[in-house]
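Student: I'd like to go through this structure with you, one contact surface at a time. Shall we take a look together?

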Number of protein chains: 2
Amino acid sequence: MKTTLVKSLFRETDKFIDKEVVLNGWVRKIRDQKNFGFIELNDGTFFKGVQVVFDQNLPNFADVAALSISSSIQVVGKVVKSQGAGQSFEVMASKVDIVQKADLEYPLQNKRHSFEFLREIAHLRPRTNTFSAVFRVRSVLAYAIHKFFQDQGFVYVTTPIITGSDAEGAGEMFRVTTLKLDKPPRSADGKIDNSQDFFGKETNLTVSGQLNGETFCAAFRNIYTFGPTFRAENSNTSRHAAEFWMIEPEIAFADLSADMELGEAMIKSIIKYVMAECPEEMEFFNQFVEKGLFDKLNNVLNSEFGRVTYTEAIDILKKTSKKFEYAVEWGMDLQSEHERYLAEEHFKKPVFVTDYPKGIKAFYMKMNEDGKTVRAMDLLAPGIGEIIGGSQREDNLEILESRMREIGLHPEEYSFYTDLRRYGSFPHAGFGLGFERMLMYITGMTNIRDVIPFPRTPKNALF
Amino acid sequence: MKTTLVKSLFRETDKFIDKEVVLNGWVRKIRDQKNFGFIELNDGTFFKGVQVVFDQNLPNFADVAALSISSSIQVVGKVVKSQGAGQSFEVMASKVDIVQKADLEYPLQNKRHSFEFLREIAHLRPRTNTFSAVFRVRSVLAYAIHKFFQDQGFVYVTTPIITGSDAEGAGEMFRVTTLKLDKPPRSADGKIDNSQDFFGKETNLTVSGQLNGETFCAAFRNIYTFGPTFRAENSNTSRHAAEFWMIEPEIAFADLSADMELGEAMIKSIIKYVMAECPEEMEFFNQFVEKGLFDKLNNVLNSEFGRVTYTEAIDILKKTSKKFEYAVEWGMDLQSEHERYLAEEHFKKPVFVTDYPKGIKAFYMKMNEDGKTVRAMDLLAPGIGEIIGGSQREDNLEILESRMREIGLHPEEYSFYTDLRRYGSFPHAGFGLGFERMLMYITGMTNIRDVIPFPRTPKNALF
């Protein structure tokens with residue numbers, strides 16, 4: 001007889017009432033009376049477990065009653081309407097086969113565990129309510145992103161993880177090497193001979209796929225990347241990880257306004273998809289992780305995102321009576337407190353801030369006519385601050401090369417990038433979305449270590 | 001007026017006939033007579049370009065007629081039924097705005113270029129027919145894989161790229177480090193002090209996400225990974241890259257037979273999806289890249305995959321009159337020539353070979369009762385040989401630990417993995433699919449460097 005998934009039992013209960021089913025799964029909870037007992041069986045396919053009732057008619061009643069948490073079992077039984085509170089059906093077991101009785105040292109007994117403790121058992125924590133919800137939503141969110149772009153014909157590009165490009169100024173990089181650290185080859189002048197490394201030169205882990213992505217934008221018009229990126233920064237905060245995933249769409253024949261439209265449509269689409277596909281998990285987050293999560297997300301879905309220039313935003317911040325830790329001045333980078341004030345208190349909805357001073361933005365952003373600002377945008381959202389950042393790209397070869405020289409880059413080392421401005425240059429724009437940042441926003445989880453299956457942070461690369 | 005995508009023009013031509021449209025894109029071809037001319041305009045959204053007809057009514061006729069290949073333009077014009085052969089419609093331009101006239105040194109003028117040459121301009125090659133087809137199919141294939149698993153409720157797991165685990169025996173690894181190669185810190189005994197590295201220990205790039213994936217299988221029942229993996233092997237062949245993507249599903253309460261069913265269903269589903277979504281690209285491959293590609297793929301779709309044990313396969317190979325370079329003997333690893341004989345000449349369809357000698361397979365594969373073979377499977381396909389490899393996993397703690405010791409691994413270093421056999425062990429199985437290998441199979445491309453946007457191979461990490 002074929003196994004039934006617990007998800008099907010919950011989603012199509014009526015189909016199964018008074019029918020016999022075979023279930024596989026793990027014991028999440030168990031309690032027994034003298035003559036009968038209850039098992040909460042979770043098979044991983046659904047957030048909730050199913051209640052299995054067993055009694056002395058089982059030939060192995062004593063063994064079943066003595067099962068430990070996390071034991072694996074197979075149950076044959078009939079689905080019946082339940083009298084009990086909290087569930088509409090239960091399974092009356094006619095047979096319980098014990099696959100393996102779990103060791104009693106299983107660390108996830110039925111009590112609350114701190115997230116810190118659970119990080120140390122990252123291989124077991126997805127078996128808890130919180131982390132099963134987090135990682136199922138992670139999976140569905142990833143798919144929602146692919147679906148959003150693919151449905152519109154965007155081409156998915158996997159940009160290289162190992163990169164030979166010099167630092168693009170986006171952050172500290174990890175070296176990738178096959179040289180023996182103990183005795184690396186050296187050239188005559190005593191320097192490390194990188195020509196003997198695997199790729200014949202120094203290589204690092206990528207910090208962004210954008211520049212490579214742009215080359216594909218020039219061929220496919222609309223593209224997106226979705227892959228791991230890295231920062232070798234010694235930041236031990238709840239928002240930083242050394243390894244995280246990023247989404248970077250790039251659209252051709254598009255200006256900053258089209259870029260913002262895309263960002264707004266994407267954010268709304270992926271939130272909607274997750275709320276529709278993971279109602280039980282989202283309900284759990286709303287109740288137990290972030291009170292008011294639904295209000296926050298519905299406000300995003302139902303708002304038309306605001307748009308304001310950086311210069312206007314500075315004015316707003318200067319005029320408010322609110323006191324900030326960092327004084328507000330044109331030319332400064334907005335601090336988290338400023339971003340959250342704008343989104344949460346002033347606009348009360350997500351807002352794009354555009355046209356930042358060139359000094360605080362990347363070289364590839366398109367210069368405005370004023371010569372002082374660039375066509376950049378950050379999306380600030382209530383409850384988190386910056387959530388995506390993007391720009392229209394500089395498509396004028398001369399301006400781009402002079403911007404590169406200004407900040408000490410050698411245009412000739414980026415000829416693959418500047419070529420795009422030689423051979424049919426075109427207005428284009430894009431943005432970056434930190435996948436984990438979005439996941440934290442949607443789930444209400446506050447530490448990036450708790451939304452990555454096996455997080456990598458300074459001094460930690462467990463499992 | 002809103003821009004129309006070339007893809008829409010081709011897919012819904014009737015909607016546009018006798019209507020005015022605005023198109024953006026790049027000049028793929030151009031030829032002009034005295035009073036009029038033709039531009040093949042490609043906007044990246046579709047494999048084919050649209051024919052734009054322009055004449056002396058354009059105020060900038062001379063400039064347009066002098067456009068170079070790859071120039072970017074915007075065209076306003078009327079869609080009309082075409083008299084010409086090879087297209088059903090064309091666009092009569094009333095206006096052509098030149099966005100940028102491409103530099104005449106553009107390397108992709110209208111002649112054939114070798115794949116070798118095109119690899120050196122990996123940033124431009126997606127603008128050619130072959131590579132636009134390859135990389136669009138790559139994108140659609142990636143999505144087909146996600147869709148196949150998500151539609152069945154599988155949870156997508158991003159396993160870590162940077163791993164602190166010791167080599168799992170799957171291949172040579174790249175070191176990831178922030179230590180200064182020039183002067184790494186050393187401990188008192190003169191050895192490299194890895195405790196001062198970023199993660200407090202030696203770390204490498206992952207060779208497989210399987211072991212991590214299994215931990216999530218124990219929580220979600222059915223999971224898959226899809227991410228980059230690495231091999232620091234100095235193999236300069238058409239089949240090896242240092243960086244490639246892998247898909248590794250893992251299913252719980254499943255044996256080797258269920259694993260094969262999943263593999264067969266996946267292969268058929270993703271081929272079907274790509275053929276349906278990319279008809280123009282697939283037609284191109286069938287005509288110009290691999291004659292008989294459709295026959296090969298249709299044979300896969302229409303066959304029930306064979307199943308044969310390794311021992312039976314050895315018998316078949318011994319009995320044939322066919323001469324092999326490598327002599328056939330029980331215990332040997334099958335060579336490509338053997339695999340292809342089995343799939344192409346004997347079975348004439350994809351065939352699973354199962355139950356390999358333990359000596360040539362990984363430690364985590366479930367031991368058969370004979371004590372000599374393990375529940376492994378390789379899927380051999382006509383035209384390529386091995387395409388997926390998988391196994392049922394050893395779920396018995398004692399047998400697993402003794403297998404680990406046999407090959408020199410220390411079980412205590414893999415406690416996160418052996419824990420799965422302590423806390424509710426369960427029969428489970430999975431397999432690995434090399435994404436690029438599948439892409440080569442579907443497109444007929446024969447060099448892995450030509451299916452990866454920016455390939456990484458020994459001495460090469462361009463762009």
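Student: How much area do chain B and chain A bury between them, and what share of it is on carbon and sulfur atoms?
Tutor: Happy to start there! This is a predicted model, in which local features need pLDDT of at least 70 and side-chain atom pairs count only at pLDDT 80 or more, while totals for chains, interfaces and linings use all residues. Buried area is the accessible area (1.4 Å probe) that two parts lose on being put together, summed over both. For chain B and chain A, the total is about 8800 Å², and the carbon and sulfur share is 63%.

Student: How many residues of chain B are in contact with chain A?
Tutor: Contact means heavy atoms within 4.5 Å. Residues are numbered from 1 along each chain as its sequence is written, chains are lettered from A in the order in which they are written, and side-chain values use heavy atoms, leaving out hydrogens and water. Chain A puts 112 residues into this interface, and the number from chain B is 112.

Student: Which residue of chain B forms a salt bridge with Arg221(A)?
Tutor: A salt bridge here is a side-chain nitrogen of Lys or Arg within 4 Å of a carboxyl oxygen of Asp or Glu. The rule finds four of them across the interface of chain B and chain A. For Arg221(A), the closest N and O atoms are 3.5 Å apart, and the partner is Asp43(B).

Student: Within chain A, how far apart are the C-alpha centres of domain 1 and domain 2?
Tutor: The bounds come from an automatic or database domain assignment. They give domain 1 (6-100) and domain 2 (126-170 + 207-450) of chain A. The distance between the C-alpha centres of these two domains is 45 Å.

Student: Which three residues supply 71% of the area that domain 1 of chain A buries against domain 2 of chain A?
Tutor: The two domains of chain A bury about 750 Å² between them, with 41% from carbon and sulfur atoms. More than any other three residues, the suppliers on domain 1 are Arg11(A), Arg28(A) and Phe47(A).

Student: And which residue forms a salt bridge with Arg11(A)?
Tutor: Across the interface of domain 1 and domain 2 of chain A, the rule finds one salt bridge. With the closest N and O atoms 2.9 Å apart, the partner of Arg11(A) is Glu280(A).
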